[in-house]
Each structure stands twice: as structure tokens, then as C-alpha cells.
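Colleague: I would like to learn how to read aromatic pairs in a model. Could you take me through a case?

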Amino acid sequence: MAKDAAPKLLSGGNPQIAKGYGDAVLQSYIDAMPGWKRDVGRHIDALVTAVVPGVVKAVKWNSPFYGMEKDIWFLGFHCMTKYVKVAFFKGAQLVPLPPGASKQADVRYLEIYENKPFDEAQFSDWVRQASALPGEKM
């Protein structure tokens, strides 16, 4: 891919971004998110960064990840066709539970849709809770 070429969008409009660590690679992912999803990505990033100073950031498997240390993650998100899917990797331990169940016992999801605001205070509280739990090694 040429240096100035836009990242390829995969299924659901998810940007294909090379694996990497740090804020710059995560911002590259967000910048490549299509349409309204880009603003959601920026908002998620701003909320997580505000709630968890010093949060560790990465992009792996074409998804942004947030953790307390390298390769130990508490949250990630992914572009789907009609929404942005936020995964709390230890979400089954959060109070109240995030609304989206998973086939994985510990994981809970929050789906964020265009023109449907989400509860930022609740989201920030889930982030605070999730960042205090042991993360998921990936």
C-alpha cells in the first residue's frame, strides 16, 4: 500500500490497520473509520483517555485495544455494518452489566448506532470498573 493511500475497509467498514502499539496507530485506525463511525471512535477514545490516564493503546486484528499494560486489555472496539461494537473483555463483572451478551462468558458488548446517543456517564463508569479488573491477555 502506498504511504498516502487510505487503509482498505474490510467487512462492515472496519479499517485494515497494521498491528501496532501507541496512540498514533490507534488514531490512524480512528481516522480511517468511515463516516459517522469516525466521530464515535474519537468519542470512545476521548472518554477512555479521560477516565484512565496513562491507558495503553494498540491496534491488533484490525481493532483498537485499551489496557493497563502491554498485551493485557480491558476494552476494544470494531466497526460493524450498522454500529460500532465495544467489547468489555471482563464485562460480566461490571455493574450494571453492559447490554450485549456474548458466547464468551466474561465478555459483554455495547453497540453504538448512528443518531442514537449512548449513556456517556454509564460508559465512563464501565471503563473505570473495567480498567480496575485484571485484563485479558491477547
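Modeller: We start with the overall fold and then turn to the aromatic rings. Keep in mind that this is a predicted model.

Colleague: Which elements does the protein have, and in what order do they run from the N terminus?

Modeller: There are three helices and seven strands, in the order β-α-α-β-β-β-β-β-α-β from the N terminus. The radius of gyration is 14 Å, close to the 14 Å that the globule rule gives for 138 residues, so the protein is as compact as a globular protein of that length. Buried residues account for 46% of the 138.

Colleague: How is a pair of aromatic rings described?

Modeller: By the distance of the centres and the angle of the planes. In this protein the count comes to 10 aromatic pairs. One of them joins Trp61 and Phe65 edge-to-face, with 5.8 Å centre to centre and 75 degrees between the planes.

Colleague: Is Trp61 buried or exposed, and what about Phe65?

Modeller: Trp61 is exposed at 57% relative accessible area, whereas Phe65 is buried at 6%. Phe65 also pairs with Phe89; that pair is stacked, at 5.7 Å centre to centre and 20 degrees between the planes.

Colleague: Which parts does the pair of Phe65 and Phe89 tie together?

Modeller: Phe65 lies in strand 3 (residues 63-69) and Phe89 in the loop between strand 5 (83-88) and strand 6 (108-113), so the pair ties together parts that are 24 residues apart in sequence. Phe89 is buried as well, with a relative accessible area of 10%.

Note on methods:
Residues numbered from 1 in each chain as written. Predicted model: local features only at pLDDT ≥ 70, side-chain atom pairs only at ≥ 80, totals over all residues. Heavy atoms only, no water. Helix = DSSP H or I, 4+ residues; strand = E, 2+ residues; numbered from the N terminus. Rg over C-alpha atoms; globule rule 2.2 N^0.38 Å. Buried < 20%, exposed > 50% of the residue type's maximum accessible area, 1.4 Å probe, protein only. Phe/Tyr/Trp six-rings, centres within 6.5 Å; stacked < 30°, edge-to-face > 60°.
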